[in-house]
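Please keep the sequence and the 3D view open as you read.

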Amino acid sequence: MMELRSRTFLIIVLSMLLTACGDTNIVNSIKFVQTIGYDAAQNGVTSSAVIANYEEQGKSKLEFYVTESKSVYDSMPKLNMKLDFPIEYGQLRMALFGDSFARNGITTAIESLIRDPKISSRVHLGVADRAALELLNIGENRRDPYFLSDMIEQNMKYGNLPMMNLHLTFFNYYGTGRDFFLPHFTVERDEIKLDGIALFKGDKFKTKIGIRDSFLLKMLLEDSKNGSIMVPMTSADQTRAEYFLMNSIHSKPNYKVIRTGYPASVAIHVKLNAQVKDVPQWIDLTSEDQIALLEKSIEVYCESEIQKFISLCKRNNVDPLGLGDLFRSKSKEWNSQEFEEHYNALATTVHVNARIIRTGAGG
């Protein structure tokens with residue numbers, strides 16, 4: 001009996017070793033795409049794949065493969081024809097759209113990504129202010145295939161970007177009464193930089209907002225913790241505006257539909273807990289009156305800038321806040337076409353209630 005158990009144990013161990021060897025051979029025989037780029041071409045699309053070639057532990061060299069095809073759907077077969085191993089998208093973390101491609105529409109790319117069961121719904125999407133391939137080539141020096149996706153992740157967690165990924169983009173694109181948005185990249189001094197958010201109408205890139213408005217969008221959609229903006233306030237001598245840094249610690253937006261019929265109206269209320277830093281030298285952070293002055297400055301500035309942001313959205317007929325969906329939920333007679341026709345006349349009132357709960361070092 002003991003001999004039988006020993007043989008059984010030996011067989012199990014050998015099987016595990018063989019399985020492990022088999023998996024290793026499979027992994028070493030596949031090219032995993034970590035980032036992919038899409039650019040508009042004369043007769044279709046230019047697809048670029050970034051693949052990390054791990055030469056030794058902790059070090060990698062990025063490989064670029066570029067091909068042209070009539071559609072996104074046949075880009076993978078075209079790329080495969082340039083490789084000695086088959087490619088897989090199981091490690092894909094980033095899809096970057098060139099400016100022209102994004103303005104022409106990204107439906108085929110979204111559908112291609114969402115239909116592949118090997119691709120995670122947490123994949124990040126983004127828009128470049130130039131050709132995607134050009135921007136990806138600039139990032140080659142970092143030798144990090146996940147540099148762009150990690151940049152998005154940390155700016156969502158610690159900066160001004162609201163939550164975005166393939167799943168949320170798919171939901172907002174196919175959802176009624178809402179439009180999606182994606183991170184927007186540029187290049188500054190030969191370094192890749194996040195400079196705001198690309199707002200879409202349907203599947204087409206319509207307009208771009210900067211980092212400040214990105215924070216406002218975040219505050220209007222979710223808890224904007226860790227986001228920050230510079231807030232102006234009138235100086236003690238009333239001659240010029242001075243600024244201080246406001247960091248959001250916690251925020252909560254609330255929407256109330258006032259009128260569903262034309263002209264429709266909605267009230268927006270935001271509760272904001274904040275920290276202030278680098279305040280003007282004449283501000284005494286131990287004074288309740290001057291703390292109240294800072295809070296009032298935050299409220300007035302945010303209310304004004306939110307109204308400006310909503311006006312920008314209405315002018316460009318984009319609805320990143322999902323206001324159409326909000327009104328749809330409040331009226332059985334809601335019609336998407338009628339809402340869009342009257343979207344520019346939508347009346348909004350905005351109230352921000354700011355409370356400073358932390359203070360940094362002054363001036």
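What follows looks at a helix pair, then a hairpin, then a sheet with its helices, all in a predicted model.

**A pair of helices**

Two packed helices are described by the angle between their axes and the distance between the axes. Here, helix H4 (residues 107-115) packs against helix H7 (residues 166-174) at about 125 degrees, and their axes lie 11 Å apart. Because of that angle, H4 is oblique to H7. The crossing of H4 past H7 is left-handed.

Which residues make this contact? From H4 come Thr107, Ile110, Glu111, Leu113 and Ile114, and in H7 they meet Leu166, Thr169, Phe170, Tyr173 and Tyr174. Sorted by class, the contact of H4 with H7 has 7 nonpolar, 2 polar and 1 charged residues.

An α-helix has 3.6 residues a turn, so residues three or four places apart point the same way.

**Strand pairs**

| Strand pair | Sense | Bridges | 
|---|---|---|
| S8 (residues 191-201) and S9 (residues 204-209) | antiparallel | 5 bridges |
| S11 (residues 241-259) and S12 (residues 265-277) | antiparallel | 13 bridges |

S8 and S9 form a hairpin with 2 residues between them, and Gly202 in the turn has a positive phi of about 65 degrees. Across this pair, Phe200 stands opposite Phe205 in S9.

**The open sheet and its helices**

How many strands form the open sheet? There are 4, in the order S10-S11-S12-S13, and their pairing is mixed. Strand S10 (228-234) and strand S13 (347-359) are at the edges with a single partner strand each, so one side of each has no neighbour in the sheet. From one strand to the next, the twist averages 40 degrees.

Helix H8 (residues 211-221) packs on this sheet and touches S10, S11 and S12, with its direction at about 40 degrees to that of S11. Helix H9 (residues 288-315) also packs on the sheet, where it touches S10, S11, S12 and S13; the direction of H9 makes about 145 degrees with that of S13.

Methods:
Residues are numbered from 1 along each chain as its sequence is written. This is a predicted model: local features need pLDDT of at least 70, side-chain atom pairs count only at pLDDT 80 or more; totals for chains, interfaces and linings use all residues. Side-chain values use heavy atoms; hydrogens and water are left out. Axes are lines fitted to C-alpha atoms, for helices over the stretch in contact, and angles run from 0 to 180 degrees between N-to-C directions. Angles under 35 degrees count as roughly parallel, over 145 as roughly antiparallel, 65 to 115 as roughly perpendicular and the rest as oblique. A crossing is left-handed if the near helix is turned anticlockwise from the far one by less than a right angle, and right-handed if clockwise. Contact means heavy atoms within 4.5 Å. Ala, Val, Leu, Ile, Met, Phe, Trp, Tyr, Cys and Pro count as nonpolar, Asp, Glu, Lys and Arg as charged, and the others, Gly among them, as polar. Two strands pair if DSSP finds at least two bridges between them.
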